[in-house]
4 protein chains.
Amino acid sequence: MSLIRVGLVGIGAQTKENLLPSLLQIPDVQIVAGCDLDFERAQTLRSYVRDVQVFKDVATMLSCMGLDALVLACPPQAHRDISLMAIERGVHVFVEKPPCFTLGELKEMIDAATRKKVVTGVGLNFRFARPVQQLRKIAASEKFGQVAHVQINHYANKPRAPLWGHSSTLRSFLLAQTIHSIDLTTVFGKDSVTDVHSTVQQAADAMLARIDVTFSSGRTASILTGSMFPYFEFDMKVISEKSSMITLDNLWNMTLHESEIATRVVGGDKRWRNSWQPSPLDSGYARSGYNGELTGFFNAIRTGTSFEADFVSMIPTYQVIEQVCAGEVQVGDTGLPALRVIEEKKIRSTTNA
Amino acid sequence: MSLIRVGLVGIGAQTKENLLPSLLQIPDVQIVAGCDLDFERAQTLRSYVRDVQVFKDVATMLSCMGLDALVLACPPQAHRDISLMAIERGVHVFVEKPPCFTLGELKEMIDAATRKKVVTGVGLNFRFARPVQQLRKIAASEKFGQVAHVQINHYANKPRAPLWGHSSTLRSFLLAQTIHSIDLTTVFGKDSVTDVHSTVQQAADAMLARIDVTFSSGRTASILTGSMFPYFEFDMKVISEKSSMITLDNLWNMTLHESEIATRVVGGDKRWRNSWQPSPLDSGYARSGYNGELTGFFNAIRTGTSFEADFVSMIPTYQVIEQVCAGEVQVGDTGLPALRVIEEKKIRSTTNA
Amino acid sequence: MSLIRVGLVGIGAQTKENLLPSLLQIPDVQIVAGCDLDFERAQTLRSYVRDVQVFKDVATMLSCMGLDALVLACPPQAHRDISLMAIERGVHVFVEKPPCFTLGELKEMIDAATRKKVVTGVGLNFRFARPVQQLRKIAASEKFGQVAHVQINHYANKPRAPLWGHSSTLRSFLLAQTIHSIDLTTVFGKDSVTDVHSTVQQAADAMLARIDVTFSSGRTASILTGSMFPYFEFDMKVISEKSSMITLDNLWNMTLHESEIATRVVGGDKRWRNSWQPSPLDSGYARSGYNGELTGFFNAIRTGTSFEADFVSMIPTYQVIEQVCAGEVQVGDTGLPALRVIEEKKIRSTTNA
Amino acid sequence: MSLIRVGLVGIGAQTKENLLPSLLQIPDVQIVAGCDLDFERAQTLRSYVRDVQVFKDVATMLSCMGLDALVLACPPQAHRDISLMAIERGVHVFVEKPPCFTLGELKEMIDAATRKKVVTGVGLNFRFARPVQQLRKIAASEKFGQVAHVQINHYANKPRAPLWGHSSTLRSFLLAQTIHSIDLTTVFGKDSVTDVHSTVQQAADAMLARIDVTFSSGRTASILTGSMFPYFEFDMKVISEKSSMITLDNLWNMTLHESEIATRVVGGDKRWRNSWQPSPLDSGYARSGYNGELTGFFNAIRTGTSFEADFVSMIPTYQVIEQVCAGEVQVGDTGLPALRVIEEKKIRSTTNA
């Protein structure tokens, strides 16, 4: 299978701005078909891809086009339903996040994919962002020392209402935003999630959540996130047992704090650290991870292996999401202060055995 | 009392580098005596202060010198014992942090000071650091909105063994370092502490602690701290219900993130924020708070009021410290993984009723 | 001409990493042919573009393919020669920088293009970099005030030997690197260049150059550049008569320093400034300017106008380059100190009348 | 002379905020007298220094007090006249900058001091600022390589009118502000100044100046300075022949860019650099240089040596100032554009033989 024939589903902003241009740069991947409920939107593909076939209906596209893989950027219910349809036909599927609403749905999708032996992938681009890859490499090095804690500050200003017809703003927020942060803690944590402790505050329509996760390795993670911020920002810190710390600010700048840098550089003064910036002309889709995630997905198809960010890899993340949501209560006019802590809980996970 | 006569106790590094030079800049405060168990050290005061009397023994100094106030930089047991001695004689006392080991001791000191109507003060210089004062002013403004959460990252590389003859490294660490962070959360929180949740990890002799505090107002705070870092750094963020955030990095640089800055500046792009740096030539003891704390203490003496950072103000901080320490267990060779979470707990505070 | 038929010349790194992916994102621009002296390299285009024709020889490609435009990324002599060939056939041409070696050659190319009424373009992507566009917009606003001075620090670590068969390392350096900086000074300066003063220092094979430019408007610019740096960085500052300054660091972060920001934000403290960062997920070719330059070129073709960064627009830049090179002397073993100032000169420009 | 008896002259803001507190921290230096034309201001010293004698008249103070040294913070004419008076009596003198108006005056003061063998000092605190000292140490190291160029950006928003009764705003600006920058170039340059090239622009009452200096060693320096900025900032960069660069921003943060850092830290990526920040609690007068300059002055008195920043050391700085001022012309309503380049010149220095 030297040339992979791909169909796109959902020709909206995310496809046009990130997925399509990334796909166009991957050699020997051919976009042969596109599909959108809005046929006019589907047709806009023709301005970018020569001889592409466009459809309103996925089932028809799957029947007609002999596709090797689907790439989807739709609401989660479509990711779930179309994935199952494609898997049934043996077509590999890559879906934008979130792949579905619940841990139960995720498991159903995993079962289907396992049965049909298709490669699956989820658009967890943060994990493939070039600076995060550098962090992972550094954090894995002996010199850095074993990871002790990961702190993520993930700021957003939306969603402030439920998305996709769902009833819970909290779950919508977690699936739309925090899924990236939780996924990264599972990448830097190790083995299974053993404990989750979360606190959610709400003011007007905005929320603020703190989520603490403990892993079976003894590693821990804490996330400060919410829609109660002026704009999107993303910072993370990884701390090691050897008293090293590496920080990544806004996916741009890394700083490595080590106790022994001083002697290598100028001697004597301990407040030296190493920092890194991307090149002024850094371009394309490698830094933001879109290129890496799709490249990895197609490599897995070619080599007959599983993709790192497949459906299975999301189980711990959905476990955390389920536990954070479990504490949510219906809030009425209870005479509480304006700033309400709507739930605070700690559940010993039993699902990860 | 236009001229305040002061005696210094403990002529070590903190006194020489910060307290003494700050005192020398406060008008109409006269250092008339100094005391140190090491008499040679006491004598070094003479190089800086004309006609100062030096002593080996505090009781003698108190008897001979007719002091208005003592300023102490000693171990906590000396702060406690000498404070009680000075209070008994009606001498105002300012002690470096920590003022004592336990909440019980603090309450005893408060009782004595209340009985004798002396002004007390604790060296919580972070609270008086000029940029923290700016943060407090901004956080109190209507435009910023009500505080929802305070996050403090307080990194240190010591202590890694118990201090002052105490048996617990954890309590020593909290009293030597985290006391500043906890105090700041109580400054930005409101009313009483209602919940504390903490996790302490240990690797070799270094520790990492996360402390979450909930206040009766619904405001929350989280602290990431530890001795598991290469050097001392201190960052804080204050988030408001109005989706504003102000950050202070290393007590130097402030950044104010607001959802509406864009329109004021250049229109249209929401990623603009306001930032502030101190002047290149910023000098002296105002930025680090040493000047502010001492000035405030002496003003309180002059005006017969209580000082903002007096013994009483430390009750919530010691409540938090007691609760974090309550979970500490004796750790033997238990076959746990190298990185151990030695305690994880949440106690509903009953002491603040 | 709704669909523009494009041929690529030179299928090397710059084409593959920046030009090709940018072209693939521009609607209704079709890459129909590619050409490279190395035919295998030309053939690699087929992995990215369906049904593309590949050639070893430009003349053949021009004859066979009925192209509307050529996009070239070659050495300057090829840019010059192939441009002239394409212009002769009425084909629009976009060349990577540098378009040619000398001011004389540039004028010859301009004459040809004027005669044949083709649209020309040069790959001056810095000018189209999104943050530079923001700078230009701010600098043009009345609130900012009239530009007084532009300072550019443009660091590089190469070239350290002559390029493209040319004999001068200095000219090679100016054409390969400084061309961007000089071009930006002409964008922020106004009207014609009236004076150039330059100093070039050389140590081993690395050079350091300072170039001061005065414009007929009274605006000035200064450039510090060279190959005597560890890696590529690019910072610029624009200062206005109204005491405002805007800085752009490494094409990422902008900071706007104004005398009146204080009152808008928190009152009273004058060290507040506004700063801007790109989104953590900023992706693609807009920030680096590759998308903007190509979009502008094709828009000019469609609308029958001239492109902002056309051959004519480069005259002032080549005037400056000629003047900096005019001072270069042959350096032998002259017993000068290791660090030699090889030329220092100031020429009153006469070419801009 | 174990105890040095010092008299202060000029009890204004600079004395109270920086010189006095620095002096109070230097062991065995005793402030015994103070003098100010405004006697009330002189008397304020008594709130800080026990038993200090205060005067309205310097001559009287010199006669009465048996002083070892004077420390002055006055206008330049007073620095000049009182220095000469003190030198005549064999009293060592430390004057704030500027010590005088012209190179001629400076030479007269040098002659007097040489004749009477007194130690002289000028308040060039930038030179003694702790981070500048670190820069000097790094720049002197073999690993860094020989300095090739120093770039200083020195922003100010005043003076915008002549100071001290002088007629020239330009000279006032250079003496009040740029004296620091020029002095630093002479510290990093080497041997004598061989060339100066300067450009001064003026808009309304604000000015912008660029000054390029070449030294006999072949090292060069460039200064961008002016009163045309919103507030005071100070950045410098030192570039070496070995392609290293060290930058200092606002006297706070240093960054060391080296071509070989990569391999030491994480291998493979060349965009790593080393950076340094002061401690969050950095306090006092060491970072801003006030402590260092005064300590150095008194050490020189004690050891009978000359002080690094003595009157003689300022000759190159005044040479540069004279040359920048030499080009100044009287500007009338000449019909020039609003933004005028009032002078542009390059003079081969002959005074440094």
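Tutor: Before we begin, a definition: strands are DSSP runs of E with at least two residues, numbered from the N terminus. Please also keep in mind that this is a predicted model.

Student: Fine. Where is C:Ala204 found?

Tutor: C:Ala204 sits in the chain C loop that runs between strand 8 (193-203) and strand 9 (206-215).

Student: And what is its phi?

Tutor: The phi of C:Ala204 is near 50°, which is a positive value in a residue other than glycine.

Student: Is C:Ala204 buried or exposed?

Tutor: C:Ala204 counts as exposed because it has 12 C-beta neighbours inside 10 Å, and the cut-off for exposed is 12 or fewer.

Student: Now chain D. What is the phi of D:Leu251?

Tutor: For D:Leu251 phi is positive, about 60°, although the residue is not a glycine. D:Leu251 belongs to the loop between strand 12 (245-249) and strand 13 (253-257) of chain D.

Student: Buried or exposed, for D:Leu251?

Tutor: D:Leu251 is buried, because 25 other C-beta atoms lie within 10 Å; the cut-off for buried is 20 or more.

Student: Changing topic: which residues does the cis peptide bond in chain A join?

Tutor: That bond joins A:Lys97 and A:Pro98, with omega about -5°. A:Pro98 lies in the chain A loop between strand 5 (92-96) and helix 5 (103-116).

Student: What about the peptide bond from D:Lys97 to D:Pro98, cis or trans?

Tutor: It is cis, and omega is near -5°. D:Pro98 is located in the loop between strand 5 (92-96) and helix 5 (103-116) of chain D.

How values were computed. Residues numbered from 1 in each chain as written. Chains lettered and ligands numbered in written order. Predicted model: local features only at pLDDT ≥ 70, side-chain atom pairs only at ≥ 80, totals over all residues. Helix = DSSP H or I, 4+ residues; strand = E, 2+ residues; numbered from the N terminus.
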